[in-house]
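Biologist: I would like to go through this model one feature at a time. Please give the general idea first and then the case at hand.

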Amino acid sequence: MEANIAVPNENNKETWGGGNVKPFGASYGKMMMWFFILSDALTFSGFLAAYGLTRFKFIDSWPIADEVFTHVPFMHGEYPMIYVAIMTFILIFSSVTMVLAVDAGHQMKKNKVAWYMFATIVGGIIFVGSQAWEWNTFINGTYGAVKTTEGKVLQFVKDGKQIALADFVVGERTDNRVQHTPKNGLWFESEKTISNYSVAQVVAAYNANPDIQVRTELMDMDLKKKTILSREEGALQLAKTKMVVEGANLRANEYGNTIFADFFFFITGFHGFHVVSGIILNIIIFFNVILGTYEKRGHYEMVEKVGLYWHFVDLVWVFVFTFFYLV
Amino acid sequence: MAHAHESSAKRIWMVFGILSVLTLVEVYLGIIKPDALHLQGPGTSWLNWIFIILTLAKAYGIAWVFMHLEGEKKWFRRSIVWSAVFLIIYLVTLLLIEGDYLYETLSPLVNW
């Protein structure tokens with residue numbers, strides 16, 4: 001077997017075929033896939049290490065992940081971790097079907113390879129779909145919060161449990177502020193989505209409900225819980241309110257530090273982009289399998305190479321899962 | 001290629017079982033967060049150490065069995081694993097020390 005099967009070498013003496021020696025006993029393609037994976041692994045490590053630095057920098061005020069990711073599709077109530085755990089299983093399982101496809105390839109069983117590849121693609125699509133749902137939930141938010149002029153995020157609690165703005169702020173926006181759209185503006189310039197409630201309205205609702213308390217980002221490091229302020233201290237903090245935050249974007253989020261959401265979007269987004277590329281590669285290889293390309297070639301090494309990439313995507317998710325959701 | 005051509009499906013399913021159990025343990029601990037593990041430990045909490053060790057165990061399973069590193073030539077494997085492990089430990093150590101320094105320096109200036 002030549003080192004690189006894609007370049008026929010016999011008729012072209014100009015091209016160096018590399019002889020019959022294979023460095024490390026691996027084919028050119030497989031070796032390069034591994035070194036690509038190595039470099040990509042270092043890229044992800046860079047992101048996760050930067051996340052680690054930022055988290056250490058704000059160690060006493062970082063959002064608590066299992067208070068942020070608590071939703072499961074079609075279910076009400078709070079189920080911290082459950083949905084990401086399911087996503088992790090889907091990805092590990094699609095890794096298993098991938099490795100079974102490689103295994104079937106070694107035995108030259110074309111149909112089996114095709115079916116396992118198909119299952120892998122389906123698993124990948126379900127994972128990306130789940131990721132999209134997760135992003136949607138994160139962006140829309142659940143509770144809402146306010147942000148002060150000092151950039152601190154204040155959340156509201158009742159009996160120690162977080163409570164949504166909609167549960168205690170009544171009525172429509174009181175300041176008659178409406179979303180600016182091309183329809184209602186003569187000189188239209190785009191405007192970011194405005195919040196459902198005005199700042200004054202939230203403060204008034206806080207003053208009217210004696211059982212609502214303000215929770216700050218600051219963590220009690222002995223208990224690993226966020227600090228809940230007394231009514232008076234809460235009113236003092238609320239006086240500094242600059243804006244109402246519902247959900248998350250790159251500038252503000254209701255969960256806490258802005259850079260928390262930025263890292264969430266960036267790291268899970270970059271991973272999701274890898275999954276999407278992996279699905280596309282898998283689909284290409286899947287059709288090649290069906291067309292009998294590798295049957296004719298005499299081996300299924302291409303399935304193995306794309307499999308390496310797919311397992312790498314799974315490997316990265318294992319780390320993202322730990323450092324974003326668990327630790 | 002060092003592969004035997006008989007199926008290794010059994011071994012694959014076994015590794016899948018192990019990975020699943022490790023994930024379940026992680027998720028279970030992540031949900032209940034027992035105080036004894038969560039609130040104390042060297043450097044970070046015991047719970048975090050458990051998560052990190054289980055994660056490395058899962059990474060080993062994926063890389064060695066699924067990605068078939070176990071069947072590659074010894075120095076091919078080392079060229080990948082040693083490079084990655086050395087560079088990542090180096091980077092993470094420096095950045096975490098730096099992050100801790102930033103916390104020590106900046107947090108006294110933050111008004112809560």
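Biologist: How many nonpolar, polar and charged residues are there in the lining of the second largest pocket?

Modeller: This is a predicted model, in which local features need pLDDT of at least 70 and side-chain atom pairs pLDDT 80 or more, while totals for chains, interfaces and linings use all residues. Residues are numbered from 1 along each chain, chains are lettered from A in the order written, and side-chain values use heavy atoms, without hydrogens or water. A pocket is an open set of points on a 1 Å grid over the protein atoms alone, where a 1.4 Å probe fits and protein lies on both sides within 12 Å along at least five of seven lines; lining residues have an atom within 4 Å of a point. Here the lining has nine nonpolar, seven polar and five charged residues (Asp, Glu, Lys and Arg are charged; Ala, Val, Leu, Ile, Met, Phe, Trp, Tyr, Cys and Pro nonpolar; the others polar).

Biologist: Which residues lie nearest the centre of that pocket?

Modeller: Of 21 lining residues, those nearest the centre are Thr193(A), Ile194(A), Ser195(A), Val244(A) and Asn249(A). Helix 4 (110-140) and strand 6 (241-245) of chain A each give two or more residues; strand 6 of chain A has the largest share, four. Helices (H or I, at least four residues) and strands (E, at least two) are DSSP runs, numbered from the N terminus.

Biologist: What span should helix 4 of chain A have?

Modeller: The expected span is 1.5 Å times one less than the number of residues. For the 31 residues of helix 4 of chain A this gives 45 Å, and the end C-alpha atoms are 45 Å apart. Gly141(A), just after this helix, has a positive phi of about 75 degrees.

Biologist: At what angle do helix 3 and helix 4 of chain A cross?

Modeller: Axes are lines fitted to C-alpha atoms over the stretch in contact, with angles from 0 to 180 degrees between N-to-C directions. Helix 3 (residues 82-106) and helix 4 of chain A cross at roughly 160 degrees, their axes coming within 8 Å. They are therefore roughly antiparallel (over 145 degrees; under 35 is roughly parallel, 65 to 115 roughly perpendicular, the rest oblique). Their contact has 16 nonpolar, eight polar and two charged residues.
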